[in-house]
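I opened the model today to look up a few local features, and I keep the entries in the order in which I checked them.

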Amino acid sequence: GWHTNTWKANSQSTFSLEQIEGQKAIRIHNQAQNSGQIFSNHGLVAVKKNHRYRVRITYRTNENTEGNISLRLDTPSHHAEIFTVNLRPNVSEWTPVDAIFVPNSDGKLNLTIRNLRGISGNELLIKQIEVFALETYE
């Protein structure tokens with residue numbers, strides 16, 4: 001499942017699922033501070049060592065909103081961030097961003113999407129989240 005929160009004291013963010021141009025989208029709107037995020041906590045998908053995966057997020061922003069997506073591989077004994085991809089600001093059209101990775105162990109993939117701007121009116125919109133298995137590296 002998905003969770004929402006803010007990670008800074010005195011932060012205020014609104015999270016909503018809305019119809020935008022006839023399609024559902026997640027809206028992360030920071031009203032105070034820059035700390036609104038949505039994240040998976042129990043694994044979006046199981047991934048295997050030496051297999052190649054692509055995570056694709058389709059997003060757009062209002063104003064100068066900046067954001068990022070972080071991938072994390074959770075194993076029974078370890079929680080390791082794989083890497084973070086920054087989202088470009090001022091993206092007025094729906095735009096895909098891809099993160100391709102090869103895990104070094106079996107585990108569960110988790111994802112965090114953050115709105116990194118605290119100025120009122122800045123919003124990050126997410127239309128689609130996809131995970132693809134690509135190929136195996138031995």
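In which loop does Leu44 lie? I find Leu44 in the loop between strand S4 (36-40) and strand S5 (45-47), where strands are DSSP runs of E with at least two residues, numbered from the N terminus.

Before going on, I note that this is a predicted model, in which local features need pLDDT of at least 70 and side-chain atom pairs count only at pLDDT 80 or more, while totals for chains, interfaces and linings use all residues. Residues are numbered from 1 along each chain as its sequence is written, and side-chain values use heavy atoms, with hydrogens and water left out.

Surface entry. Leu44 counts as partly exposed, because its relative accessibility is 34% (buried is under 20% relative accessible area, exposed over 50%, partly exposed in between, with a 1.4 Å probe and protein chains only). Together with Trp2, Val45 and Val131, Leu44 makes a nonpolar surface patch of about 290 Å² (residues with over 30% relative accessible area and no salt bridge, nonpolar side chains being joined within 5 Å).

I looked up S2 and S3, which pair in the antiparallel sense over nine bridges (pairing requires at least two DSSP bridges), and Ser16 has Arg27 in S3 as its bridge partner. The two strands form a hairpin with two residues between them, and Glu21 in the turn has a positive phi of about 55 degrees although it is not a glycine.

Salt-bridge entry. The structure holds six salt bridges (a side-chain nitrogen of Lys or Arg within 4 Å of a carboxyl oxygen of Asp or Glu). In one of them the side chains of Glu21 and Arg60 meet at 3.1 Å, N to O; Glu21 lies in the loop between S2 and S3 and Arg60 in strand S6, so the pair ties together parts that are 39 residues apart in sequence. Glu21 is exposed at 61%, whereas Arg60 is buried at 14%. Arg27 and Glu123 meet at 2.5 Å, N to O, and this pair links strand S3 to strand S11 across 96 residues.

Core entry. The largest nonpolar core has 21 residues, of which Ile57, Tyr59 and Ile113 touch the most other members (buried Ala, Val, Leu, Ile, Met, Phe, Trp, Tyr and Cys residues joined through side-chain atoms within 4.5 Å). Its largest share, four residues, comes from S6.

Notes: Patch = residues over 30% accessible without salt bridge, like charges linked within 9 Å, V, L, I, M, F, W, Y side chains within 5 Å. Areas by Shrake-Rupley, 256 points an atom, 1.4 Å probe, with all protein chains shown as cover.
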